[in-house]
Amino acid sequence: MIRISELALSLEHTPEQLRDAVIKRLQIPADALLDMLVFKRSYDARKKNTEITFVYILHVTVKDETKVLARFADDQHVRPAPDTEYHPVGHAPAGLTERPLVVGFGPCGLFAALLLAQMGFKPIVLERGKEVRQRTKDTWALWRNKVLSPESNVQFGEGGAGLFSDGKLYSQIKDPKFYGRKVMQEFVRAGAPEEILYVSKPHIGTFRLTGVVSAMREEIKALGGEVRFEQKVTDLLLKDDQIEGVVLANGEVLHSRHVVMALGHSARDTFRMLHSREVFMEAKPFAIGFRIEHPQSLIDKARLGKYAGHDALGAADYKLVYHAKNGRAVYSFCMCPGGTVVAATSEPERVVTNGMSQYSRNERNANAGIVVGINPNEDFPGNPLGGIEFQEQLESRAYELGGKDYCAPGQLVGDFIRGKASTTLGDVEPSYKPGVLLGDLAPSLPEYAITAIREALPAFGKQIRGFDRPDAVLTGVETRTSSPVRITRDNDSLQSLNVRGLFPAGEGAGYAGGILSAGVDGVRIAEAVARSMLENA
Ligand code: FAD
């Protein structure tokens, strides 16, 4: 197979024109092109007011491949296609009695369990939250009625933190073994749109993701795995430096010498339990800030120029970075085109913001986190759990500033920059439910973060005209941008540095940030567990 990269065509091209372009590029007769797969399609918007083009990576099968490749030996955009197929590391031997435990059923735990099940290891999944339908009801109870279920919410339950989200499925991780492709292929098999396999910034959206996750759960069960909900792990069974099992909140004990901990970034009680059991962990950098909302049309215009609103391009996104004079980096985080800001706390009397969207991305506003980098050595030195305590303080303060009923404190950008409390909205209506209480956001974050964001917003306004418009709305606080701890693992075995058989995984362990990278880490961890079980079988 041959890989052609950097093949550009107009937005309106037909499938026939794509085929013709390949034939022309390879200088082959039409009947020599046997097969063609779109591997990736992005768009180039650098000339947004003259012509935006699609740019392709294609995998093609041709007659006389060796000859064609020889002809293009010096052309870096015509190369042999890499092997992107997934190859499992082994299969469980017949009669194996030990079953691996997977704690947490977010994208990381889901893929770890799915891969283990596909390799015949019959994993048992333990998830503290509820199955997807019940969880959806519980989550809406907070958004509509201000009732929080601490074990079933935006962070906890089947599908993990990524379930009520924009469902963005891209990441900047290095992925030489194409595990990301395996993740995408499994999503598509479970009902996600096929285009996620090739568009450059794929997304599923909340509604579709819920169906995909339950289909994947059914596959794990069909392959002999078990998925148990409302089963919180509250302790470890340890013998010397080896894990032997886990204890559940209901007192049940489950034995296994292979335990995946895919907890996500919000399992603060479980982090504390692991720390008290002396599992090695360290504080890691994360970021804090606000959500910002603008009309989506403003972002489309700035990013796509005369192509704003073009069907083939959809709602536009952005990515912004600014280095403030006080040394802090301010950047946009988890941008959700055409989406809504959501209440994302898992704990009573705390307020946390995040963003989500549906597949169509057709809500009125664009939203994104505007966050400031936090560094443990500078901001909470010497305490592995210091970041968690810091997040808790900020989220409790936001709850108070929001009126103590899960509304979020908010402020207009113009007022925030001038240091004046807001009293009335302009044209931008905030989407956060159950509601926004306008006021002054300055007391919600440390002074260095407020100063850095005040400086960054006008600078962002130079990159996206109108970004700092006075009636854009900020809501607070965004604190759970990534895990505040790393449960450090050994690079080869992927086991905890000091507890054998314990496999810290995904975002909570500090090894992923986002749905795709958490899924990829799940694949990696499944392989590490399988290797260890095969060695010890
Ligand atoms: P999680 O998804 O957090 O899953 C961990 C699971 O472990 C949870 O279900 C939890 O209930 C369970 N658990 C925790 N402790 C225990 C215990 N003691 N016992 C049993 N179970 C336990 N990322 C993107 O890439 N794109 C997006 O568009 C996007 N949007 C987001 C929107 C929102 C509102 C949120 C909250 C996050 C979003 N993210 C997004 C981030 C993404 O969801 C996470 O990076 C990803 O879910 C991490 O996967 P994970 O499996 O490591 O952890």
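Biologist: What should I know before I look?

Modeller: This is a predicted model, in which local features need pLDDT of at least 70, side-chain atom pairs count only at pLDDT 80 or more, and totals for chains, interfaces and linings use all residues. Residues are numbered from 1 along each chain as its sequence is written, and side-chain values use heavy atoms, with hydrogens and water left out.

Biologist: And what do labels such as H or S stand for?

Modeller: Helices (H or I, at least four residues) and strands (E, at least two) are DSSP runs, numbered from the N terminus.

Biologist: Start with the sheet that has S1 in it. What is the strand order?

Modeller: The order is S2-S3-S1-S4, in an open sheet of four strands with antiparallel pairing. Two strands pair if DSSP finds at least two bridges between them.

Biologist: What holds paired strands together in general?

Modeller: Strands of a sheet pair through backbone hydrogen bonds, either parallel or antiparallel.

Biologist: Which strands stand at the edges here?

Modeller: Strand S2 (33-44) and S4 do; each has a single partner strand, so one side of each is left without a neighbour in the sheet. On average, neighbouring strands of this sheet are turned by 30° against each other, direction ignored.

Biologist: How many bridges does S1 make with S3?

Modeller: Seven bridges, in the antiparallel sense, between S1 and strand S3 (residues 53-62). Strand S1 (residues 2-10) is also joined to strand S4 (residues 78-80) by three bridges, again antiparallel.

Biologist: What does Ile2 face on S3, and what on S4?

Modeller: Ile2 stands opposite Val60 in S3, and its bridge partner in S4 is Pro80.

Biologist: Which helix lies across those strands?

Modeller: Helix H1 (residues 15-26) lies across S1, S2, S3 and S4 and runs at about 125° to S1. Axes are lines fitted to C-alpha atoms, for helices over the stretch in contact, and angles run from 0 to 180 degrees between N-to-C directions.

Biologist: Now the sheet with five strands. What is its order?

Modeller: S7-S6-S5-S11-S23, an open sheet with parallel pairing. Strand S7 (226-228) and strand S23 (502-504) are at the edges with a single partner strand each, so one side of each is left without a neighbour in the sheet. The twist averages 15° from one strand to the next.

Biologist: How do S5 and S11 pair?

Modeller: Strand S5 (residues 101-103) and strand S11 (residues 259-261) pair in the parallel sense over three bridges. Leu101 stands opposite Val259 in S11.

Biologist: Helices next. How do H3 and H6 cross?

Modeller: The axes of helix H3 (residues 107-118) and helix H6 (residues 206-222) come within 9 Å and cross at roughly 35°. The crossing is left-handed; that is the name if the near helix is turned anticlockwise from the far one by less than a right angle, and right-handed is the name if clockwise.

Biologist: Which residues meet there?

Modeller: Among them, Leu110, Phe111 and Leu114 in H3 meet residues including Val213, Met216 and Ile220 in H6. Contact means heavy atoms within 4.5 Å. The residues of the contact of H3 with H6 divide into eight nonpolar, one polar and one charged. Ala, Val, Leu, Ile, Met, Phe, Trp, Tyr, Cys and Pro count as nonpolar, Asp, Glu, Lys and Arg as charged, and the others, Gly among them, as polar.

Biologist: And H3 with H13, which hand is that crossing?

Modeller: Right-handed. The axes of H3 and H13 come within 7 Å and cross at roughly 40°. By class, the contact of H3 with H13 has 12 nonpolar, two polar and one charged residues.

Biologist: Ser517 is in H13, I think. Is Ser517 buried or exposed?

Modeller: Ser517 is in helix H13 (residues 515-536) and is buried, with a relative accessible area of 4%. Buried means under 20% relative accessible area, exposed over 50%, and partly exposed in between (1.4 Å probe, protein chains only).

Biologist: What does the side chain of Ser517 reach?

Modeller: The backbone oxygen of Gly514, at 3.4 Å. A polar contact is a pair of N or O atoms within 3.5 Å; within protein, one must be able to donate a hydrogen and the other to accept it, and residues adjacent in sequence count only if both atoms are side-chain atoms.

Biologist: Last one. Where is Gly205?

Modeller: In the loop between helix H5 (179-189) and H6. Gly205 is buried, with a relative accessible area of 0%. Gly205 and Ser357 are 152 residues apart in sequence and 5.5 Å apart in space, C-alpha to C-alpha.
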